[in-house]
Amino acid sequence: MPKTQKEDVKESAVEKTEVEKYVRPSWDDYFIEISRMVATRGTCDRGRAGAVIVRDRQILATGYVGSPIGLPHCDEEGHLYKKTIHESGEITNHCVRTVHAEQNAICQAAKLGVALQDATIYCKMEPCAVCAKMIINCGIKRVVCEKHYHGAQETAKMFEIAGVELEVLVDEMQTYDNM
Ligand SMILES: [Zn+2]
Ligand SMILES: [Zn+2]
């Protein structure tokens, strides 16, 4: 028996309701989620971080933590530790074998000739002081990170002075072994 016009109207109304129920992620959630996938390629398990640089809702570059191309990775050779003694007397351990995710994303842009002026960078944790300085100088204006980082004491202050907006989505410290 052929469907009546009335039934057709009813069905399309049901479809429409289902479509409306779906909630799309915000742009920040979308790029943070992509940065998590980028991070899975990282080769240092201290944070195994990823970064995505975006402007006008389009991805310009991505990067993850890893050794310079051709050099051995932490996952194969182990970490290369250096201690940092802070003014407060606190001592923190850092693996210096790698190029950080933020730095690798900036390097990728440099390699491909992509300008980063006024861009936003999405990362796993607050950038360290070196990454922060590079972020400021390549013209990035907004930094969105998932968590705080124990080695980022100077970062927030530098960004404030330089006029870079910093957003930490979860008010928690990123943790891993031997911090
Ligand atoms: Zn490492
Ligand atoms: Zn860094």
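Q: Against which elements do the buried residues of H4 pack in this predicted model?
A: They pack against helix H2 (27-39), strands E1 (50-55), E2 (58-64) and E5 (120-125), and helix H5 (129-137).

Q: Which residues of H4 are called buried, and what makes them so?
A: The buried residues are Ala-101, Glu-102, Asn-104, Ala-105 and Ile-106. The term requires 20 or more other C-beta atoms within 10 Å of a residue's own, so each of these five names denotes a position that reaches that count.

Q: How do you know that the span of H4 agrees with its number of residues?
A: Helix H4 covers residues 101-112, which is 12 residues. Just after the helix, Gly-113 adopts a positive phi of about 70°.

Q: What makes E1 and E2 a pair of strands, and in which sense do they run?
A: Pairing requires at least two bridges, and E1 and E2 have 6, so they pair; the sense is antiparallel. One of the bridges joins Ile-53 to Ala-61 in E2. The two strands form a hairpin with 2 residues between them, and Asp-56 in the turn has a positive phi of about 50°.

Q: What makes E6 and E7 a pair, and in which sense do they run?
A: They are joined by 4 bridges where at least two are needed, so they pair; these strands run parallel. Val-144 has Glu-167 in E7 as a bridge partner.

Q: Why are E2 and E7 said to stand at the edges of the sheet?
A: The open sheet has 5 strands in the order E2-E1-E5-E6-E7, with mixed pairing. E2 and E7 (165-168) each have a single partner strand, so one side of each is left without a neighbour in the sheet. Neighbouring strands are turned by 20° against each other on average, direction ignored.

Q: How is H2 placed relative to the strands?
A: H2 lies across E1, E2, E5 and E6, and runs at about 140° to E1.

Q: Which residues have the most contacts inside the largest nonpolar core, and which elements contribute to this core?
A: The core has 35 residues, and those with the most contacts inside it are Ala-51, Ile-53, Ile-121 and Tyr-122. Two or more residues come from each of H2, E1, E2, H4, E5, H5 and E6 (142-147).

Q: With which residues is Ile-121 in contact, leaving aside neighbours within four places in sequence?
A: Ile-121 is in contact with Ala-51, Ile-53, Glu-102, Ala-105, Ile-135, Ile-140 and Val-143. Each of these contacts implies C-beta atoms within 7 Å.

Conventions
Residues numbered from 1 in each chain as written. Chains lettered and ligands numbered in written order. Predicted model: local features only at pLDDT ≥ 70, side-chain atom pairs only at ≥ 80, totals over all residues. Expected span 1.5 Å × (residues − 1). Buried ≥ 20, exposed ≤ 12 C-beta atoms within 10 Å, placed from the backbone. Contact = placed C-beta atoms within 7 Å. Core = buried A, V, L, I, M, F, W, Y, C linked by C-beta atoms within 7 Å. Axes fitted to C-alpha atoms, helices over the stretch in contact; angles between N-to-C directions.
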